[in-house]
Amino acid sequence: AVMGSHHKNPVDSDWAPAAELGLGLSKAITDSSDFRVEGGYRYDWDDKSQTTKSGYGDWFLGLSIVSRFGAVPAAPAPAAAPPPPPAPVEAPAPQKVVIDLRGVNFKFDYPKKGHVHASEIDKALAVPTSDSVAILDQAVDTLKRYPDVHVTVAGYTDAKGKPAYNQALSERRAQIVYDYLTSHGVDASRLEGPIGHGADNPIGDNATDAGRAQNRRVELQVQQ
């Protein structure tokens with residue numbers, strides 16, 4: 001910084017000029033105080049009070065602490081607002097879980113009335129009967145390995161026949177599978193039914209022989 005001033009000589013009524021050249025550094029040490037270092041050179045053209053005719057000069061060094069009264073520390077930034085809670089997610093519709101007995105199908109119009117005991121299941125099942133029995137045995141094993149699972153035993157028919165007849169037929173199919181499970185060690189307290197649904201909920205095309213064969217079935221529907 002360069003600064004100029006005039007200095008009055010006490011002996012002479014004239015004014016004598018003076019000049020100063022310096023450099024300063026300042027560093028904040030607290031919120032309201034600075035530490036400052038200044039140094040420079042001053043020259044005064046006073047030719048009355050000194051022996052030199054043209055004036056005199058000197059070097060200077062200064063250390064100081066500067067206080068800023070009334071300084072207010074910057075307010076802390078406001079905390080970010082918490083994000084809004086996520087929108088509730090609509091629960092998906094419950095899905096029907098089935099222990100798959102696909103392949104356990106019944107002959108047309110079987111079992112007959114009065115023949116729904118487990119010992120007669122071979123007569124009611126479609127051929128090859130041994131394959132269907134093997135699938136039933138796998139279902140028994142699954143239920144034994146998962147003792148907390150409860151299932152509904154539900155029977156179905158194809159679309160041939162009157163609704164009332166198909167309802168009774170679907171109930172007989174559920175009954176014979178129910179009896180097969182309990183006779184092979186599955187506790188009846190874990191089984192709901194047996195119930196029949198007639199020709200409802202087909203899984204095959206009732207317009208074809210293959211589709212109707214698929215619909216003559218029993219499902220083990222796991223309770224949620």
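I looked up Ser132 to begin with and found it at 2% relative accessibility, so Ser132 counts as buried (under 20% relative accessible area, with exposed over 50% and partly exposed in between, 1.4 Å probe, protein chains only). I am working from a predicted model, in which local features need pLDDT of at least 70, side-chain atom pairs count only at pLDDT 80 or more, and totals for chains, interfaces and linings use all residues. Residues are numbered from 1 along each chain as its sequence is written, and side-chain values use heavy atoms, with hydrogens and water left out.

I placed Ser132 in helix α2 (helices are DSSP runs of H or I, at least four residues, and strands runs of E, at least two, numbered from the N terminus). Leaving aside neighbours within four places in sequence, I listed Gly103, Val104, Asn105, Leu125 and Ala126 as its contacts (heavy atoms within 4.5 Å). A polar atom of the Ser132 side chain lies 3.1 Å from the backbone oxygen of Gly103.

I then turned to the largest nonpolar core, which has 25 residues, and noted that Leu136, Val153, Val177, Leu181 and Leu220 touch the most other members (such a core is a set of buried Ala, Val, Leu, Ile, Met, Phe, Trp, Tyr and Cys residues joined through side-chain atoms within 4.5 Å). Helix α3 gives the most to this core, with 6 residues.

Finally I checked confidence: the protein chain averages a pLDDT of 80, and 64% of the residues score at least 70 (pLDDT is the predictor's confidence in each residue, from 0 to 100). Over residues 1–13 the pLDDT is below 50.

Conventions:
Polar contact = N/O pair within 3.5 Å; in protein donor to acceptor, adjacent residues only side chain to side chain.
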